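Morning, everyone. Please have the sequence and the model open on your screens. I will go through a few places one by one.

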Amino acid sequence: MTLLLDQSAQQALLELKRVLIIDDEEPIRRLLGYMLQTHGYETVLASDAREARTRLDEQPFALMLCDVNMPGESGMELVRNIVSQHPHTAVIMVTGLDSSVLANAALDMGAFGYIVKPFESNEVMIDVANALRRRRLELENRLHRENLEDVVRTRTMALQQALEWLERSEKELRLSREETIQRLAIAAEYRDSATAQHIQRMSHYCELLARKYGLSSERCDLIRTASPMHDIGKIGTPDHVLLKPGKFTPEEFNVISQHAEIGYRILSGSDAEILKVAASIAWTHHERWDGNGYPRKLKGEAIPVEGRIAAIADAFDALTTQRVYKPAFSLDHAVDLMTKHRGEHFDPELLDVFFASLNDIKHIHDQYADQSPRTMIRESQESSDIAPSTTANDGQASTLFSAQ
């Protein structure tokens with residue numbers, strides 16, 4: 001309804017034929033008024049600028065015929081104000097002084113015409129018609145621009161609202177997807193000795209290493225989201241093997257190592273990029289840089305970068321938290337053990353990047369620490385508490401990395 005009223009008001013403004021005549025000489029006022037009325041115009045007369053302002057405040061005018069020299073405020077001063085305050089009103093100056101300087105000044109100020117006294121009726125009517133025609137064209141253009149701006153503004157707002165809705169929907173979908181992934185990963189981890197916090201640490205270690213290594217933000221986010229599913233294949237590992245404390249027999253190791261293949265089969269075959277990355281990580285995070293890993297014995301850069309990243313993150317978390325087969329190693333001891341296998345088990349460049357960010361790594365571990373204090377990282381000065389166990393396991397580091 002508001003739009004229809006606006007259109008009606010705009011049309012009325014275009015069709016307006018009311019003229020305000022301002023002259024301090026009454027005969028001139030009346031003469032101009034009579035001439036215009038006989039041609040169908042509605043006229044209102046004013047003797048000076050002050051009265052003219054009052055009439056302009058009362059109702060709109062299509063045109064104003066204004067004398068230049070009047071007592072009090074001059075016609076030029078009044079025109080300057082009208083052009084600014086009443087842009088829908090056209091102005092024609094009327095003066096007894098035939099001066100090109102004055103005429104140019106009036107036109108530069110915004111007047112549509114300049115009539116010199118004494119004037120002929122035809123001259124006045126032609127100037128009035130031309131002024132009103134020009135006013136209508138300018139008003140139509142101005143109203144068109146304003147309407148166009150309103151349309152653009154309305155459509156822009158609608159587009160912004162649509163984009164905001166899409167962003168919210170995408171964020172909700174992403175959070176829902178990540179939560180589903182994490183819960184699926186936790187379901188597998190509950191069969192192991194690890195906790196739900198392991199999922200958080202693992203994903204943030206992977207994201208940190210991917211970012212420090214220089215991968216794109218999109219790739220880093222995919223790796224962070226997908227990495228919690230690295231051990232999803234343990235769903236297919238028997239409990240007597242999965243939960244066994246101590247070293248595996250060759251037969252048991254063969255069983256536990258199948259979780260990489262099982263995880264890949266669970267996650268592969270999807271068109272979703274996140275599941276493609278998750279399948280790659282599940283399949284390759286136990287491959288070794290020297291080619292002695294499993295399940296396919298890939299070597300060096302033949303191992304996808306996400307698999308090499310996950311191998312480092314998973315091994316570090318396995319070393320620094322308590323598992324059924326080992327105590328939690330101190331941060332320094334974990335770094336020392338992994339460094340000994342630099343270029344053998346782990347990508348040397350990635351390992352260097354990882355350990356160059358120890359402060360960030362420690363922050364992640366502390367932020368997502370297991371609730372039980374026995375699984376927290378033990379500082380170097382506490383390493384004596386686990387020294388016997390640590391020594392016993394040093395020679396089995398490679399097996400430990402492969403069985404986490």
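The lining of the second largest cavity is made up of four nonpolar residues, one polar and four charged. This is a predicted model, so please keep that in mind throughout. Which residues line that cavity? They are Glu287, Arg288, Trp289, Ile303, Arg308, Ala311, His345, Phe346 and Asp347. The volume of this second largest cavity is about 40 Å³. Searching the whole structure gives two cavities of 30 Å³ or more. As background, a probe the size of a water molecule, rolled over the atoms, shows where empty space is left.

Next, the loop between α12 and α13, where α13 covers residues 305-320. Pro295 is found in this loop, and a cis peptide bond joins Tyr294 to Pro295, with omega at about 10°. Lys297 lies in the loop between α12 and α13 as well. The phi of Lys297 is near 55°, which is a positive value in a residue other than glycine. For comparison, most residues other than glycine have a negative phi, and most peptide bonds are trans.

There is also a cis peptide bond between Lys117 and Pro118, with omega at about -10°. Where is Pro118? Look in the loop between β5 and α6, the helix of residues 121-189.

That brings us to the sheet. It is open and has five strands, in the order β2-β1-β3-β4-β5, with parallel pairing. At the edges are β2, residues 42-46, and β5, residues 113-116, and each of these pairs on one side only. On average, neighbouring strands of this sheet are turned by 20° against each other, ignoring direction.

Now take strand β4, residues 90-95: β4 pairs with β5 in the parallel sense over four bridges. What stands opposite Val94? In β5, it is Ile115.

Helix α4, residues 75-85, lies across β1 (18-22), β3 (63-67) and β4, and runs at about 155° to β3. Helix α5, residues 100-109, packs on the sheet and touches β4 and β5. The direction of α5 makes about 150° with that of β5.

Last item, salt bridges. How many are found in a search of the whole structure? The number is 24. In general, side chains of opposite charge can pair when their charged atoms come close. One case to look up is Arg219 with Glu273, whose side chains meet in a salt bridge at 3.4 Å, N to O. Arg219 lies in helix α8, residues 217-226, and Glu273 in helix α12, residues 273-284, so this pair ties together parts that are 54 residues apart in sequence.

That is my list. Thank you.

Terms used: Residues are numbered from 1 along each chain as its sequence is written. This is a predicted model: local features need pLDDT of at least 70, side-chain atom pairs count only at pLDDT 80 or more; totals for chains, interfaces and linings use all residues. Side-chain values use heavy atoms; hydrogens and water are left out. Two strands pair if DSSP finds at least two bridges between them. Helices (H or I, at least four residues) and strands (E, at least two) are DSSP runs, numbered from the N terminus. Axes are lines fitted to C-alpha atoms, for helices over the stretch in contact, and angles run from 0 to 180 degrees between N-to-C directions. Contact means heavy atoms within 4.5 Å. On a 1 Å grid over the protein atoms alone, a cavity is a set of points where a 1.4 Å probe fits but cannot get out, and a pocket is an open set with protein on both sides within 12 Å along at least five of seven lines; lining residues have an atom within 4 Å of a point. Grid points are joined across faces, edges and corners, and a volume is the space filled by probe spheres set on the points. Ala, Val, Leu, Ile, Met, Phe, Trp, Tyr, Cys and Pro count as nonpolar, Asp, Glu, Lys and Arg as charged, and the others, Gly among them, as polar. A salt bridge is a side-chain nitrogen of Lys or Arg within 4 Å of a carboxyl oxygen of Asp or Glu.
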